[in-house]
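Hi! Here's the structure I promised to pass on.

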Amino acid sequence: MLLQINGLTKEYQRGGIPFSAVNNVILSVSPGDFICITGRSGSGKSTLLNLIAGLLKPTSGSITIEGRDTSTFNDEEASLYRNSKIGYIPQGQSVLANLTVLDNVRLPFYLFRHEGDSMAKAMSLLEQVGIRHLAHMYPRQLSGGELRRVSIARALINDPMMIIADEPTGDLDEQTTAEIMRLFRLISHKGMAVLLVTHDMNAAHAGNRFFIMDSGVLTEQRGRDRGGRRAGGRGEYT
Amino acid sequence: MKQTPLTSRQLSFYNLRRRPFRTFCLILVVAVLAFTLFGGSILTISLRNGMSSLQQRLGADLMVVPKGYEADMTGVLLRGEPSYFYFSDAVVQQIAEIKGVSQVTPQFFLTSLSASCCSTQVQLIGFDPETDFVIQPWIAKTYGIEIQDGCFIAGGDIILESDQTLRFFNQTYPVAAQLEKTATGLDSSVFMSMDTIQSLFTSARESGMNFIYDEEPKEAVSSVLVRINKDLNADTVASNIRAGIPNVDVIVSKNMISGISGNLSSLVDYIRVLSIVLWIFAAVILLVIFSATINERKKEFAVIRILGATRRRLAVIVLTESLYLSVAGGVVGVAAASLVVFPFSAYIGERLQLPYLEPEIGAVLGVLALSLLLSFLVGPLASIYSAVKISKAETYLTMREGE
């Protein structure tokens, strides 16, 4: 078991009335899992990812990784956890404009102490995601699909146990989406867990575990329950 | 391939490099501040030094000159404008007998026509070694020697011949000592005993240059320096002299100095206020720009945080950026000020019409260190708010804002 989530709840106040953005979520993640979560806007998907990434503290429940509850982490520990154990791909364009593609990929390597040759590793990752030739360019010279590949390479630089991706194909065309999902499949085949949130039903079915989130409640869809896929179309959750 | 570690310093440098115009403007703000701090401080200290030097060098409470030559005398003393004027040496005894006068000593002025030492005329000043209480103590204090007949003492700006001599009116004399700079007109003067200057006078007359028509040179003096009894007021004694001796002007040293001091104080106050206002102005500009920039860059910092940066790391990146700007601006500003205040010191003193004496290297280095320190501090101080704000920002909310 890589990650264990038990009774995870995150409550907010809206107009003085409490509501659960994430409600009693239970989830186990094992190495090689490719988990796709879909759901309506505001269903709590991104909140769940941010809780798992340690960017938010839960109201109750726990997220346990390597025997430690992440809610007990101080800032240094939470940052180290985000930097080393998970590779987070935020929603939208998240590549830093001031750095070259290569330096964007290398950046997480230097936020904490890591052994090895960051340059060789970054070039190898850029090769794997098919944009090695863009290594010395700046983000403004890249297309949306190329920028997403940079984010994926960057998420992999510290050999994390798990990749978390928030709407990684949200603004991409179908062909580019397919290429990105192929990359995630490759990553999970190498034994890394992938946790992906998407509105795109085609993308959502690329994983080996499929969840729907509704009003903060996470439900796994198994076998024939994994319906809702529309041939050639974007999903119903928009 | 060269592998540059992406440290906080490197990240800050890249951030500044990719925004050249903003970086240039911020450096310029700090540079103007550093220019004012360093240039203003050197200017202030130089003027104070000049004032202090003038007070020390005047050495007399009153200076008596022929009627109508007060401006010429102050020109000789303050600005090194050579002049000559004479009245009978009988006035020396008359002044000595005035109530309240304790010491008197005459001086005799000549001006050179041209000399190898100088591109302009030189003020030649003869003094009476037996009664002098101004020049000799100065020489004795600095060099521990007494001036002899047949030698010169050169002011600080006089350039000597290679054999340490000076030549005026076809007469060459050795230079016994050269005085340190005083920022007064005395820097471009050459001092000698009365006998020596009379010898020069004779030589000048033989060359067809006559300074005096209605007096015998041995019976003429240019000015009489006066010391008064300590318990008396200089203005009162000056009035006594004016009342008792016709056709003389009396310059009261402290009035001359206080007049200059008044101008100096105003200028020093102005520079001080300007420096404080500019420091605050620079801090406010940087505060506003950093704050606005940080708001623009919230998502950038949120991404870095998501990648694993601690809150402290974000603050360090912001503070390092501001420190780089401050260091660059500080160095540029101080360098620019140095290029103005040091090569043009003579011109500045002349334009201000005030004695101007540059501080010694130790004081310059002290001012340099303080100016750089204040310049280096302004950026980080102004960016503390932004650094704290960005380090406390909720990454989750920031990323949602950007959606």
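Chain B of this predicted model has a mean pLDDT (the predictor's confidence in each residue, from 0 to 100) of 84, and 94% of its residues reach 70 or more. Among the elements of chain B, helix 10 (residues 311-341) has the highest mean pLDDT, 93, while helix 13 (residues 395-401) has the lowest, 69.

Some housekeeping: residues are numbered from 1 along each chain as its sequence is written, and chains are lettered from A in the order in which they are written. Because the model is predicted, local features need pLDDT of at least 70 and side-chain atom pairs count only at pLDDT 80 or more, while totals for chains, interfaces and linings use all residues.

Now the fold. Chain B has 13 helices and eleven strands; these are DSSP runs numbered from the N terminus (helices: H or I, at least four residues; strands: E, at least two). Its radius of gyration is 31 Å, well over the 22 Å from the globule rule for 403 residues, so chain B is more spread out than a compact globule. That radius is taken over C-alpha atoms, and the rule is 2.2 Å times the number of residues to the power 0.38. Along its principal axes, the C-alpha trace of chain B spans about 100 × 50 × 35 Å.

And the partner? 22 residues of chain B are in contact with 27 residues of chain A (contact: C-beta atoms, placed from the backbone, within 7 Å). Helix 1 (8-17), helix 9 (298-306), helix 10 and helix 13 of chain B each supply at least two residues of the side touching chain A.

Cheers!

How values were computed:
Contact = placed C-beta atoms within 7 Å.
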